[in-house]
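Please open the model in your viewer and keep the selection tool at hand. The tour begins with the whole chain and then moves on to single places within it.

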Amino acid sequence: MIPELGNFALMLALCLALVQGSLPLLGAWRGNRRWIALARPAAAGQFTFISFAFGCLLASFIANDFSVAYVASNSNSMLPLHFRVAAVWGGHEGSLLLWVQILALWTLAVAVFSRRLPAAMTARVLAVMAWISVGFLLFMLFTSNPFDRLLPAARDGRDLDPLLQDFGMIIHPPLLYMGYVGFSVAFAFAIAALLSGELDAAWARWSRPWTLVAWSFLTLGIFMGSFWAYYELGWGGWWFWDAVENASFMPWLVGTALIHSLAVTEKRGSFKNWTVLLAIVAFSLSLLGTFLVRSGVLTSVHAFATDPRRGLFILVFLAIVIGGSLTLYAWRAPSVGLGGRFALFSRETLLLLNNVLLLTAAATVLLGTLYPLFLDALDLGKISVGAPYFEAVFVPLMLPVLLLMAAAPFVEWKSASLRTVLARVSRIAQAALLLGLTAWFGWKVSPAVAGGLMLAVWILLGTALHLYQRLAEPGEGVPFMRHLAKQPLSYWGMLAAHAGVAVFVVGVTLVNGGQVSADASMRVGDSIVSNGWRYSFTALNKVDGPNYIAARATFEVRNTDGKVLLLQPEKRYYTVQQMPMTEAAIDRGFSRDIYLSLGEPTKGGAWAVRMQYKPFVGWIWAGCLIIAGGGLLAASDRRYRLARQSRAVTSSAVVPA
């Protein structure tokens with residue numbers, strides 16, 4: 001009965017979502033306090049029932065209940081327990097349930113932590129999030145139900161895809177969905193502001209910490225996906241411009257623009273319309289990415305033909321959410337004032353330019369991702385849009401963004417003097433240029449590597465100089481340490497995020513410019529030298545895993561200092577799905593990775609072996625973690641937790657829409 005109870009819980013959650021989406025919204029419109037008060041308990045009830053349903057599906061996987069079609073398709077009795085847990089979201093139906101579970105969690109968090117907001121605004125926000133939940137619950141119950149029975153029950157399951165049988169599968173989708181779904185909060189605040197007609201600085205302050213947290217989780221999710229692909233697929237790359245990667249990267253780019261725009265709206269009252277539009281676009285891209293990845297359209301645009309209901313539902317839902325929100329925006333936006341005015345050269349102008357560049361970059365990625373699908377759908381042929389296109393159009397757009405990152409904090413709000421700003425940044429520009437020229441002519445690196453290092457130093461020195469100048473003027477009678485302690489967490493978060501970008505740029509630049517790889521056919525006892533390292537193939541053993549058999553090679557790797565590394569790459573064969581997999585062996589260091597992967601066996605007992613030396617590749621992951629940490633640090637700023645907006649003093653007041 002556990003699957004039936006889970007299915008019934010989803011039905012009850014749908015009923016509560018309908019209540020949460022309708023009565024509080026009507027209450028905010030008509031000034032009915034009782035209807036408004038229903039929003040929070042309905043959100044808590046919806047979270048409870050969805051969590052119960054999620055627990056039922058989890059229990060079915062743990063118990064190997066192969067009478068549930070979804071369990072039979074994504075699990076096996078030999079699958080280890082931790083991978084059975086990850087298999088809950090390893091397929092289409094379960095990933096949608098995870099999406100709804102996380103949406104319910106975000107909704108509950110807004111209900112609990114929004115008591116300082118006006119009651120009418122909270123009711124509208126929770127109502128918008130409820131309608132999103134209604135769409136997903138209907139999609140699950142009618143087209144993608146994870147509790148559908150398989151009668152008669154299967155004797156055993158078809159197993160989880162071997163590519164997904166990794167620790168990354170346990171944490172990557174939840175992190176990614178926390179970011180995807182988190183943008184629904186910014187979207188809900190924007191729609192609530194449009195419904196009330198109150199597009200002022202207050203809603204931006206309320207929305208900003210939620211957006212920062214969602215953006216940080218999305219950063220962590222993208223980092224984990226990239227790191228997972230790096231060590232699991234055996235190719236040694238960290239980014240492939242794959243359509244699935246792009247699906248998460250596009251909302252991240254727009255979300256980056258959104259958090260900067262929210263700062264301007266909150267502090268200066270400008271960019272009101274622009275900020276609302278970015279909130280709508282960020283969540284729309286999150287929805288689009290979710291459905292592209294999980295609908296099967298990326299595998300084949302004709303995949304909907306196997307289930308026309310699923311394709312039709314997706315198109316209708318996207319049309320309602322995206323089209324409806326843009327229609328509301330077009331109706332309300334003209335009535336909103338321009339906000340605070342600013343000069344042509346000001347921090348507002350530079351942030352606006354930054355946002356335009358980020359939005360343009362997202363549009364180029366969207367075009368490169370969807371254009372092949374449109375051609376295929378219209379039977380105009382198949383094309384592949386890969387790294388050359390994205391690098392040719394994306395990198396030039398990012399160069400001015402990196403240049404602005406160090407310079408913009410020195411520019412005054414509202415109006416600034418170009419001469420003053422140039423005087424402030426001239427020394428760091430000279431230092432960065434000197435390093436770039438030294439690397440180019442002295443260290444004999446390529447111009448691309450020299451340019452990347454120059455940009456990284458430019459950002460790091462700019463960040464350090466801004467902190468120094470801010471602390472150099474503590475004010476009259478203020479001790480230095482007290483002045484240091486009084487700096488807001490949002491400021492430290494900005495510095496950390498910008499420094500993280502610099503670390504990331506160093507990693508990308510050096511690994512792309514200095515990596516060395518070599519392929520060889522080797523037998524046990526053979527040795528080969530690559531990039532100053534000697535690789536000795538010392539042993540080959542058969543290993544039996546829980547649901548696979550493997551050939552495990554042992555290599556002794558020596559550098560010029562005589563240090564010996566022991567690496568054991570594997571070639572696995574998963575017996576249920578009859579699929580081979582490469583498990584690379586990696587020795588990680590501060591300034592390099594030694595990456596060793598085992599290919600297919602060749603004639604005479606030899607094995608194809610790939611040896612790769614990757615300088616500073618770990619700095620890519622470190623930079624991502626620092627960037628995400630900066631976002632979380634900024635979101636925890638004290639003023640977001642304690643400061644009370646003047647409009648929220650009468651939080652029980654009801655403002656008709």
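Accessible areas here come from the Shrake-Rupley method with a 1.4 Å probe, and for residues only the protein chains shown count as cover. On that basis the protein chain exposes about 28,300 Å², of which carbon and sulfur atoms supply 66%. This is a predicted model, in which local features need pLDDT of at least 70 and side-chain atom pairs count only at pLDDT 80 or more, while totals for chains, interfaces and linings use all residues. Residues are numbered from 1 along each chain as its sequence is written, and side-chain values use heavy atoms, with hydrogens and water left out.

**The whole chain**

Select the protein chain and colour it by secondary structure: there are 20 helices and 10 strands, these being DSSP runs numbered from the N terminus (H or I of at least four residues for helices, E of at least two for strands). The radius of gyration of the chain, taken over C-alpha atoms, is 27 Å, close to the 26 Å that the globule rule (2.2 Å times the number of residues to the power 0.38) gives for 657 residues, so the chain is as compact as a globular protein of that length. Along the principal axes, the C-alpha atoms fill a box of roughly 80 × 75 × 55 Å.

**Helix H19**

Next select residues 618-635, which form helix H19. Among the buried residues of H19 are Ile620, Trp621, Cys624 and Ile627.

**Leucine 18**

Now go to helix H1 (residues 2-30), where leucine 18 has its place. Leucine 18 is partly exposed, with a relative accessible area of 37%. Leaving aside its neighbours within four places in sequence, leucine 18 is in contact (heavy atoms within 4.5 Å) with Trp131 and Val134. If you also pick alanine 243, which lies 225 residues away along the chain, you will find 34 Å between the two C-alpha atoms.

**Histidine 498**

Finally, select helix H18 (residues 489-514), in which histidine 498 is found. Is histidine 498 buried or exposed? Histidine 498 is buried, with a relative accessible area of 14%, and beyond its neighbours within four places in sequence it is in contact with Met405, Ile459 and Thr463.

How values were computed
Expected span 1.5 Å × (residues − 1). Buried < 20%, exposed > 50% of the residue type's maximum accessible area, 1.4 Å probe, protein only.
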